[in-house]
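Dear colleague,

Here is the structure I promised to pass on to you. Please have a look at it first, and then read on for what came out of the analysis.

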Amino acid sequence: MSDIEINSVLTENRLFEPSAEFAAKARIKPEDYQALKKKADEDYEGFWAEQAKQLMDWHTPFTRTLDDSNAPYFKWFTDGSMNVSYNCIDRHLAENANKTAIIFEGEAGDTRHISYQQLHDEVCQFANALKAKGIKKGDRVVIYMPMVPEAVIAMQACARIGAIHSVVFGGFSADSLRDRIDDARAVMLITADGGTRGGKVVELKEAADKALSSGCDSIENVIVLKRSGHDIAMQDGRDSWWSDAVAGQDTTCEPEWVNAEDPLFLLYTSGSTGKPKGIQHSSAGYLLNAITTNLWVFDLQDDDIFWCTADVGWITGHTYVAYGPLATGTTIVMYEGGPMTPDAGRFWKMVEDHKVSVFYTAPTAIRALMKFGDEYPNKYDLSSIRLLGTVGEPINPEAWMWYHTVIGKERCPIVDTWWQTETGANVLTPLPGVTATKPGSCTLPLPGMDVDIVNEDGESITEANTGGYLVIKKPWPSMLRTIWGDDERYVDTYYPKFGGKYYLAGDSARRDEDGYFWIMGRIDDVLNVSGHRLGTMEVESALVANDAVVEAAVVGRPHEVKGESIVAFVICQGERPVGEDAEKMVTELRNWVGDQIGAIAKPDDIRFADGLPKTRSGKIMRRLLRTIAAGEEITSDTSTLENEAVVAQLQGKA
Ligand code: PRX
């Protein structure tokens with residue numbers, strides 16, 4: 001297998017059956033699972049059509065389920081019309097108007113409970129405010145907000161009027177924000193005077209102003225939420241306060257009935273080139289899988305309190321905060337702030353205070369909190385929790401066991417959910433009342449998901465523990481539709497192999513003796529830092545944009561908490577910096593990358609040399625760089641290198 005690196009193969013024999021207590025009350029019981037699987041196997045389109053009819057409210061019912069006439073640009077439910085916001089809010093009002101939709105907690109401890117009726121009213125008011133500013137169906141609106149209810153309200157308001165939102169994570173820099181605004185030609189930006197994290201104010205408006213002054217000529221209006229109370233600059237004619245924009249607006253707003261295929265949102269994510277790509281999602285297909293997975297995987301029931309800790313700037317915050325759980329009429333928790341504020345007990349205190357019953361977070365958070373020992377979780381009453389989930393990266397068995405014993409008290413199933421920005425919703429995951437779990441495995445495909453592992457020729461690998469390409473063989477409702485403005489890149493990225501028949505996930509995986517899937521890593525130059533995707537090329541482009549840098553290569557290194565950390569090998573103009581000069585340059589370049597992309601992209605380690613190790617044909621030897629970054633012994637022959645001497649420099653030995 002040419003470009004697949006086989007990582008170490010772990011054997012995991014521990015098997016955890018769902019507890020009888022959980023299984024008895026679960027929505028999906030083993031017999032339901034079998035029935036769903038059977039139906040999907042026998043009549044794939046019929047299966048999804050049935051789910052779409054049962055789980056969503058349609059304005060115009062669809063008659064056509066899957067249109068694959070222009071594959072791989074698949075369409076679902078194409079002649080149907082509906083509205084996502086209506087499905088998330090209005091349809092609950094008859095019976096559940098007073099049910100809490102959102103429990104919000106700020107870092108300082110301030111809380112707000114928002115009922116479905118209030119959510120409806122605020123979404124409508126804001127939707128009317130957007131309309132008053134000229135926003136119409138199909139316009140792009142960028143949302144750059146802290147993790148406060150207004151972020152969800154803004155998303156829902158866009159959905160209500162058929163505008164396409166693009167949420168940019170608040171941790172991204174001004175330059176990243178500008179690039180995303182420009183790529184989408186967005187006409188409006190919604191932001192805040194600042195958010196709070198770890199006791200510090202995140203200067204969102206300041207970054208927004210910087211972005212707007214360096215490009216973004218498509219932006220006509222900026223709406224600013226007052227959150228931090230910080231002094232900020234407001235530009236006359238362009239900027240208005242959220243409170244002024246909604247003042248006097250009606251609390252009803254007829255939903256725009258959009259076509260099933262009309263885009264709901266764009267979400268930019270990293271790929272193997274320097275430029276992030278705008279993943280384009282549909283309205284109906286996306287929402288359908290947001291609903292099926294919230295019901296099947298998170299087993300959401302009427303009295304559940306669901307806390308998914310993801311920021312709305314990531315796909316997880318779309319599908320498991322802003323859309324899916326609302327569409328199922330669930331009460332969600334939102335938290336603006338850091339997990340360590342004031343101490344490592346914050347999450348567990350919030351679980352106790354809000355009686356969280358379903359908790360979904362990233363392995364990196366679990367590992368970070370685990371380091372503080374059992375004392376913090378043991379201080380709080382975690383008995384409300386009945387189900388735990390993880391997402392974003394492989395979870396190491398040690399962290400899984402800690403989650404299972406110390407947080408779940410050995411009672412709660414853990415759903416390790418594999419999926420991607422592009423898939424829109426969970427793909428490989430246990431069903432909590434059905435699937436026996438193994439620490440570190442995302443187990444099996446959901447019903448209706450045709451996932452396989454194939455070799456270079458696209459043939460299914462049936463041999464246990466043999467790595468291959470993770471592919472999805474049939475289109476599914478919540479799959480991305482294209483890359484915004486770049487249809488060609490969509491095909492080149494996701495359907496480049498196997499005669500264009502299968503969706504290529506970009507991960508390598510293996511199946512064990514029980515057919516369970518184990519994700520082994522990416523096959524492209526994408527890093528996973530604290531569960532966040534970053535392209536090595538993206539960081540390299542940022543580095544070489546600095547005048548002092550001639551060339552840079554970026555690789556990942558295994559990291560105890562973050563999963564992977566970033567190591568950069570840099571060639572500077574003139575003399576190679578050493579000693580104090582090198583230290584200064586490291587600080588400068590780290591801050592530079594922070595400004596170019598965002599703090600998450602700052603390399604942990606930057607090393608300087610006179611050149612990069614290259615083959616005689618001029619290819620950078622990335623594998624060798626990874627070995628050097630990990631501090632491992634170099635076993636390969638380096639004598640074929642064009643410039644062997646630089647290896648010692650990069651190792652810090654010369
Ligand atoms: O490599 C896989 C890893 O995260 C990638 C997707 O990243 P992103 O689009 O940012 O979405 C993250 C949240 C869905 C995948 O290609 N990944 C995600 N979940 C898992 C995972 N790797 C192993 N196990 C998981 N559960």
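Please keep in mind throughout that this is a predicted model. I start with the contacts: among those in the protein between residues at least 6 apart in sequence, 72% join residues at least 24 apart.

On overall dimensions, the C-alpha atoms of the protein fill a box of roughly 75 × 65 × 60 Å when this is taken along the principal axes. The radius of gyration is 24 Å, which agrees with a compact globule, because a globule with 654 residues would have a value near 26 Å. As for secondary structure, the protein contains 20 helices and 30 strands.

The protein is divided into two parts, with domain 1 covering 20-496 and domain 2 covering 526-650. In the contact between them, 23 residues come from domain 1 and 22 residues from domain 2, while the centres of domain 1 and domain 2, taken over C-alpha atoms, are separated by 33 Å.

Turning to burial and surface, 61% of the 654 residues in the protein are buried. The protein exposes about 24,700 Å², and carbon and sulfur atoms supply 46% of that area.

Methods:
Residues are numbered from 1 along each chain as its sequence is written. This is a predicted model: local features need pLDDT of at least 70, side-chain atom pairs count only at pLDDT 80 or more; totals for chains, interfaces and linings use all residues. Side-chain values use heavy atoms; hydrogens and water are left out. Helices (H or I, at least four residues) and strands (E, at least two) are DSSP runs, numbered from the N terminus. The radius of gyration is taken over C-alpha atoms; the globule rule is 2.2 Å times the number of residues to the power 0.38. Buried means under 20% relative accessible area, exposed over 50%, partly exposed in between (1.4 Å probe, protein chains only). Contact means heavy atoms within 4.5 Å. Accessible areas come from the Shrake-Rupley method with a 1.4 Å probe; for residues, only the protein chains shown count as cover. Domain bounds come from an automatic or database domain assignment.
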